[in-house]
Amino acid sequence: MASYGLVTPCANCPFRTDIKPFISSARAQEILATEGEFPCHKTIVLGDVDDEGDTEIAEDENAQFCAGFLICREHDDAPNQIMRIAERVGLYDRRKLRMDAPVYKGVAAAVKAHRKAERNRR
């Protein structure tokens with residue numbers, strides 16, 4: 001399980017507002033809708049490709065939850081299930097997040113920005 005050590009998004013976080021969106025709006029929505037973990041890509045080790053062509057994440061004790069994901073969900077006041085559970089057992093403290101970091105002000109804003117960038121790439 002990833003831990004909650006990151007408090008601000010990395011330089012390449014897909015949820016930053018100060019960089020050009022680079023994932024599809026569908027992927028942004030899928031990520032932000034998850035009720036489980038979403039680790040920062042810089043803290044994981046990639047594993048094998050599964051039968052559906054998706055790359056699995058190998059277990060890694062250094063994995064951290066994506067701060068951009070956490071902040072974006074908290075802007076909506078909508079922590080997912082794993083965030084709520086972790087908060088109840090003392091593993092996650094939303095007050096430690098840098099809420100002033102350049103992150104979309106919620107799921108709808110993130111999806112909208114990625115959708116606009118998709119249209120501009122066409």
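1. Tyrosine 4 and tyrosine 92 are both buried; buried means under 20% relative accessible area, exposed over 50%, and partly exposed in between (1.4 Å probe, protein chains only). This is a predicted model, in which local features need pLDDT of at least 70 and side-chain atom pairs count only at pLDDT 80 or more, while totals for chains, interfaces and linings use all residues. Residues are numbered from 1 along each chain as its sequence is written, and side-chain values use heavy atoms, with hydrogens and water left out.

2. How many aromatic pairs does a search of the whole structure find? The search gives 4. Rings of Phe, Tyr and Trp (its six-membered ring) pair if their centres lie within 6.5 Å; planes under 30 degrees apart are stacked, over 60 edge-to-face, and the rest tilted. The ring centres of tyrosine 4 and tyrosine 92 are 4.8 Å apart and the planes meet at 35°, so this pair is tilted. Tyrosine 4 is in the segment before α1 (25-33) and tyrosine 92 in the loop between α3 (81-88) and α4 (107-121), so the pair links parts of the chain 88 residues apart. Helices (H or I, at least four residues) and strands (E, at least two) are DSSP runs, numbered from the N terminus. Tyr4 and Tyr92 also form one aromatic cluster with Phe65.

3. Phenylalanine 15 and phenylalanine 38 are both buried. They form an edge-to-face pair, with 6.3 Å from centre to centre and 75° between the planes. Phenylalanine 15 is in the segment before α1 and phenylalanine 38 in the loop between α1 and β1 (45-49), so the pair ties together parts 23 residues apart in sequence.

4. The largest nonpolar core has 28 residues, of which Tyr4, Phe15, Cys66, Phe69, Leu70, Met83 and Tyr92 touch the most other members. Such a core is a set of buried Ala, Val, Leu, Ile, Met, Phe, Trp, Tyr and Cys residues joined through side-chain atoms within 4.5 Å. Helices α1, α2 and α3 each supply at least two residues, and the largest share, 4 residues, comes from α2. Leaving aside neighbours within four places in sequence, methionine 83 is in contact (heavy atoms within 4.5 Å) with Tyr4, Phe69, Leu70, Arg73, Glu74 and Tyr92.

5. Arginine 73 lies in helix α2 (residues 67-75). Is arginine 73 buried or exposed? At 7% relative accessibility, arginine 73 counts as buried. Its side chain reaches the backbone oxygen of alanine 78 at 2.8 Å. Among the residues that arginine 73 touches, not counting those up to four places away in sequence, are Leu32, Glu35, Met83 and Val107.

6. In α1, Ser25, Ala28, Ile31 and Leu32 are buried. Seen down the axis of α1, the buried residues fall within an arc of 125°, so they line one face of the helix; the arc is that of the directions from the helix axis to the C-beta atoms. These buried residues pack against α2 and α4. The face turned away from the buried side carries the exposed residues Ala26 and Glu30.

7. A search of the whole structure finds 0 disulfides, a disulfide being a pair of cysteine sulfur atoms within 2.5 Å. The sulfur of cysteine 10 is 4.1 Å from the closest cysteine sulfur, in cysteine 40, which is too far for a bond. For cysteine 13, the closest cysteine sulfur is in cysteine 66 at 3.7 Å, also too far. Cysteine 10 counts as buried at 17% relative accessibility, and cysteine 13 at 1%.

Methods: Polar contact = N/O pair within 3.5 Å; in protein donor to acceptor, adjacent residues only side chain to side chain.
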